[in-house]
Amino acid sequence: MRGVVAAPRQPIRPDRPAGGGRRRGGEELLSIGAVLTFLRDDFPEVTISKIRFLEAEGLVEPQRTPSGYRKFSPADVERLAYVLRMQRDHYLPLRVIREHLDAIERGESPPALPPADARPGPLEEADRELVAAAESGAGVRLGRAELLAAAEAGERELNEWEAYGLVAPGPDGGYDGEALQVARLVAELGRFGLEPRHLRAMKAAADREIALVEQVVAPLRRHRNPQTRAHAEATARELATLSVRLHAAMVQAGMKTRG
């Protein structure tokens, strides 16, 4: 069992809701339901599926009863709270959080965290995402397991994303860089409680924007001149970028008027 890393905002108490189990070294062991109840005090968006996913990623290692039920120690709950807090407050990916936990276990100080006010606004974030997608997405071809690992998601989540048309494999069953970028962003939104069904409006808006871009570039794509067709692809990319930046600017302006 891994050690204690960072205490939640409230102490673990044996008189918390039912679900505690046998003691080990004097510790009260909690069921996954009791852990969920405790964590929701600070993390209302957390779910049992999220806890199971973090376990599958090796960030927490609860005990198992002979019948297979999970039993969490106070140290396990503290680890979960640390992971959830780093995701929510500092937007750290699981890979970086795992490095933090490993450093703490070695008795070292984890890397310094960026200040909360250093988080970029929607417009800056959109630009960063577009640059990242352009740099990392070119020529990428991932299998299903690779996409799940890169997006830090589970099979159930990907099935749901595909059911809502948010992510789709290619004819060969693989996923390109754009699909990976979408998967990562959908997973990020999921941390805030936004489920795929909530994102249908975004998907519908994107489809309308695609239709607008097609209206502009379709005549160029039908041209016989290869240079003109190449210009059509460059124009489509530029229009897509402008569309994303316009959406981000509108969100940023709207947030200010409601602040």
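Reader: At what angle do helix 6 and helix 7 pack?
Author: Quick heads-up: this is a predicted model, where local features need pLDDT of at least 70, side-chain atom pairs count only at pLDDT 80 or more, and totals for chains, interfaces and linings use all residues. Residues are numbered from 1 along each chain as its sequence is written, and side-chain values use heavy atoms, leaving out hydrogens and water. Helices (H or I, at least four residues) and strands (E, at least two) are DSSP runs numbered from the N terminus. Helix 6 (residues 144-151) and helix 7 (residues 155-163) have axes (lines fitted to C-alpha atoms over the stretch in contact, angles 0 to 180 degrees between N-to-C directions) 10 Å apart, and the angle is about 100°.

Reader: Which residues in helix 7 do Arg144, Leu147 and Leu148 meet?
Author: Meeting here is contact, so heavy atoms lie within 4.5 Å. On the helix 7 side, the partners are Glu155, Leu158, Asn159 and Glu162.

Reader: Are helix 3 and helix 4 parallel or oblique to each other?
Author: Helix 3 and helix 4 pack at about 135°. Under 35 degrees counts as roughly parallel, over 145 as roughly antiparallel, 65 to 115 as roughly perpendicular and the rest as oblique. Helix 3 and helix 4 are therefore oblique.

Reader: Which residues of helix 2 are buried?
Author: Buried means under 20% relative accessible area, with a 1.4 Å probe and protein chains only. The buried residues pack against several elements, including helix 1 (32-39) and helix 3 (74-90). In helix 2 (residues 48-56), they are Lys50, Ile51, Phe53, Leu54 and Glu55.

Reader: Which residue takes a positive phi just after helix 2?
Author: Look just past the end of helix 2. The phi there is about 80°, and the residue is Gly58.

Technical notes: Buried < 20%, exposed > 50% of the residue type's maximum accessible area, 1.4 Å probe, protein only.
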